[in-house]
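Trainee: I would like to go through this model with you, one question at a time. Where shall we start?

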Amino acid sequence: MIWYIGRRLLQMIPVFLGATLLIYVMAFYAGGDPIQAIMGDKPLSPAVQDQLRSQYNLDKPLIVQWLIYVGKVVRGDFGVGFNGRPIIEQIRDAFPVTFRLAIIAVVFETILGIVAGVISGLKKGTWIDTTLLMVSLLVIAVPTFVIGFVAQFTLGVKLGVVPVNVGRDASLQNLLLPGFVLGVVSFAYVLRLTRTSITEVATADHVRTATAKGLSRTGVISKHIMRNSLIPVVTFIGADLGSLMGGAIVTERIFNIHGIGSVLYQAINKSESPVIVSVVTIMVMIFLLTNLIVDLLYAVLDPRIRHAK
Amino acid sequence: MRSDHSPRTLRPADEHFVAPLDETPLREVDAVDTTAAPRSMWGEAAHNLIRNPVFVVSALLILLLLFIAAFPGLFTDFDPTKGDLGVSNQKPGDGHLLGTTVQGYDVWARILYGTRTSLSVGFFAMVISTVIGVVIGAFAGYVGGWIDEVLSRVTEIFFALPLVLGAIVAFTALSSGVSTFTIALILAVFGWTNIARITRGAVLSVKSQDFVTASTALGAGKLTNLAKHVLPNAIAPVIVTATVNLGVFIVAQATLSYLGLGNGSISWGSDISDAQPALRNNPMMLFYPSVALAICVLSFIMLGDAVRDALDPKARKR
């Protein structure tokens, strides 16, 4: 197991490097000359320009710049933003908020999605199944920003049940509705995946055997159907954390939440490349780590998969 | 020699060892016309698709959307880019089918012309991402070895960047004035990984089958084998994923233009964004483009579902 984790961590290194290089090239190289951007319309003397260039390592080849950048990132130094504040501080302030938001979304999509998917899969063809499927299709087709805005308007503005605007007070309670909205599309996918998986496993021989042995219905479902059909669902939820981080940009904008998504959105508006690169790099790291955890969870769910290599 | 139990001589092929239809408990099985030529996988799929109401409805909707996207001017007299402040924020009626926006734009006209942006971005992104994904996935799966290792890592790199996130970064890198095609290209660059993974898996499972070995034994080259035998047998799941991807790309484009990352062409996403401040007074303005977007995406998801059911005999049986 230790060896497996070690090997997987080593495999992550090229992926991490590649992803950061990709983001780095896009944000810094294709974005035009940053020195030109700093000075705006005012002409700067060539001497000052050269001095700035060497100060920010811009006179070196792109690949060297990137290596310097990665070297600093590994030590936790993401540089400073346009306002002179270290980027890592901005991220440290914003990250817990988005983390809470994502946890609410994942808990919601996992519990409701699996429960609804199991019901739908076991009652295939009944009206419950059809209704749940229709709901899931609708949720997938209507974009998150519409669902979010309508939920905010009806529950927040009209009924006053939830705060319209989260602002600085990002408590769990206030983040409940935004969390639901963030997780609602994934909920639909979890439902559909679970349903497909359940219907496949429900007709398998070992399930009939378990029933024939006299095991109760709940025993069969929880021990023999659920456990065997959850692997694709777990894979999806793990991979989904990455897109939840991306989706947070929209959700945080609707509910005015000061999380990592809003840091990114503001950076985009200001074309603040250092912040954009840092935030996306951190999101990629989180994504890679959750995928590793998911792989390790396989062994727990399916004893046939043992990573003893 | 004469046969005396029947007016004509029976040859084995003429005999039908099945009960008359109204006596049999296995109606469907016995009703199979054994004399008809067997259908191919695609023939069988097409046969099933035409009988599937989900397919018929979604295909008709997509045809209608395509027609609207091609000739939006046929359905309205208004210019979607000309705002008339004199008729700002009107309720539906009075010549304006769905009313007007704050800027005095005709809502119906903007929805019609928005179809064009959504469909063309979605379609181009789907085609480009499918080509990238199939080429990389097929190459990785078919050649194997270190090439597979490298291509799989490259796929992982792009997979680690979520679609909308990657597109946002790419957008900030580009200066203003991106064409619709560029938007599609950006989405495709970050959206091909699921196609590559599926193609690789399908190619891996097909390439070790006997008919491919037989073809190699008959002297077929690697490329001939890949093009003639492996890919056609591995392409079904790719088509299904590509159809669903089209819907995903349309949502992604709407999300981007909602966030203000667009090229200024008429788009449902930016119209929804514009409608938000006026929600209290005129909620329907948010509603109409949302419905258009939902119908469009739903059509492609349902089409993908129907095609998958038709191509997968296991799913059809139930």
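Mentor: Start on the surface of chain B. This is a predicted model. A nonpolar patch there has about 650 Å² of accessible area together. Its members are B:Phe123, B:Phe124, B:Val127, B:Val131, B:Val135, B:Phe181, B:Leu185 and B:Val189.

Trainee: Which element gives the most to the nonpolar patch?

Mentor: Two elements of chain B give two or more residues each: helix H4 (107-143) and helix H7 (180-189). B:Phe123, for one, is found in helix H4 of chain B. Five residues of the patch come from the leading element, H4(B).

Trainee: Now the interface. How many residues of chain B are in contact with chain A?

Mentor: Contact here means heavy atoms within 4.5 Å. On the chain A side, 43 residues take part. On the chain B side, the number is 36.

Trainee: What share of the area buried between chain B and chain A do carbon and sulfur atoms give?

Mentor: Take the total for the two chains, about 3,600 Å². Carbon and sulfur atoms give 79%.

Trainee: Which three residues supply more than any other three of the area that chain B buries against chain A?

Mentor: Together the three supply 15% of the area that chain B buries against chain A. They are B:Leu165, B:Val169 and B:Leu259.

Trainee: How many nonpolar residues has the side of chain B that touches chain A?

Mentor: Sort that side by class. Six residues are polar and five are charged. The nonpolar residues number 25.

Trainee: Within chain B, which residue forms a salt bridge with B:Arg153?

Mentor: Look in helix H5 of chain B, four residues apart, about one turn of the helix. The closest N and O atoms are 2.8 Å apart. The partner is B:Glu149.

Trainee: Last one. How many helices are there in chain A?

Mentor: Chain A has zero strands. Its C-alpha trace spans about 85 × 60 × 30 Å along its principal axes. The count of helices is 13.

Technical notes: Residues numbered from 1 in each chain as written. Chains lettered and ligands numbered in written order. Predicted model: local features only at pLDDT ≥ 70, side-chain atom pairs only at ≥ 80, totals over all residues. Heavy atoms only, no water. Buried area = accessible area lost by both parts, 1.4 Å probe. Nonpolar A, V, L, I, M, F, W, Y, C, P; charged D, E, K, R; others polar. Patch = residues over 30% accessible without salt bridge, like charges linked within 9 Å, V, L, I, M, F, W, Y side chains within 5 Å. Areas by Shrake-Rupley, 256 points an atom, 1.4 Å probe, with all protein chains shown as cover. Salt bridge = Lys/Arg side-chain N within 4 Å of Asp/Glu carboxyl O.
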